Amino acid sequence: MSEPVKLSVVYYSSTGNIAEIANALVAEAEAAGAEVRLRRAPELAPDAAVDSNPAWRAHLEATRSVPEVTAEDVVWADAVLFGSPTRYGNIAAQLKQFIDSLGGEWQQGLLADKAYSGFTSSATQHGGQESTLLALYNSIHHFGGIIVSPGYTDGSKFVDGNPYGTSHVDAQGEIKVGEQTRTAAAVQAKRVVRVAAALKGAA
Ligand SMILES: Cc1cc2nc3c(=O)[nH]c(=O)nc-3n(C[C@H](O)[C@H](O)[C@H](O)COP(=O)(O)O)c2cc1C
């Protein structure tokens, strides 16, 4: 029997939306037969900033048990799903800081030839989800990674409308991750596991 696909879900989340999607992706990837690691990028913001938003502080404390990501979690994986909230149309510094710590692994070619995909969340509908995912994918090009975007490969993508990756609009914390986003996560996780298995088989 062939080895299962090894998949790392690496995310940063301040107030829980991205963490919620990350957990949905973990469940779907496991259901698709992958061996999965869930990892969070460490919080870098000063306590004063975290404490300025009670939801941020509560989420940080509630997720302390999620292991912090290390370079080995990326090197180990056949596929990596990176998640970040939109920050002014870009990825969060906390996730970028982790990506920027991977220079040594990049130089050794240890980030190449894997399947990568991204997920995001924003407060508003046209608030920069696509630019955030495209910004993330800039780094994946430099890794020599294989970007596995969902595209419109499933009928549900014509409803959620984001071919770049799973995304959610939280309306300033008013809207929780719901069925549409969970469906998108299922489509993305299955596709990434399927493509990663094919890449693994071809290696
Ligand atoms: C500094 C900062 C910048 C943000 N920039 C944007 C933005 O450009 N567009 C947008 O729609 N939402 C923006 N947001 C809102 C978050 O992206 C949004 O609330 C997201 O769903 C939070 O995800 P989380 O719950 O996983 O932290 C920003 C939030 C912060 C704190």
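A backbone N or O atom of Gly 127 lies 2.8 Å from a nitrogen atom of the ligand. Polar contacts here are pairs of N or O atoms within 3.5 Å. Thr 86 also takes part through its backbone, where an N or O atom is 2.7 Å from a ligand oxygen atom. Ser 121 uses its side chain instead: an N or O atom there sits 2.6 Å from an oxygen atom of the ligand. The protein covers 77% of the 650 Å² of accessible area that the ligand has on its own (Shrake-Rupley method, 1.4 Å probe).

The model is predicted; local features need pLDDT of at least 70, side-chain atom pairs count only at pLDDT 80 or more, and totals for chains, interfaces and linings use all residues. Residues are numbered from 1 along each chain as its sequence is written, and side-chain values use heavy atoms, without hydrogens and water.

Around the ligand stand 17 residues, each with a heavy atom within 4 Å of it. Ser 13, Thr 15, Thr 86, Ser 121 and Asp 170 come nearest. The shell holds eleven polar, four nonpolar and two charged residues; Gly counts as polar. Helix α1 (17-31) and strand β4 (115-122) each supply at least two shell residues.

The protein chain has nine helices and six strands (DSSP runs of at least four and at least two residues, respectively). Its radius of gyration, 16 Å, is close to the 17 Å that the globule rule gives for 203 residues, so the chain is as compact as a globular protein of that length. The radius is taken over C-alpha atoms, and the rule is 2.2 Å times the number of residues to the power 0.38. Buried residues make up 51% of the chain (under 20% relative accessible area, 1.4 Å probe, protein chains only).

Terms used. A polar contact is a pair of N or O atoms within 3.5 Å; within protein, one must be able to donate a hydrogen and the other to accept it, and residues adjacent in sequence count only if both atoms are side-chain atoms. Buried means under 20% relative accessible area, exposed over 50%, partly exposed in between (1.4 Å probe, protein chains only).
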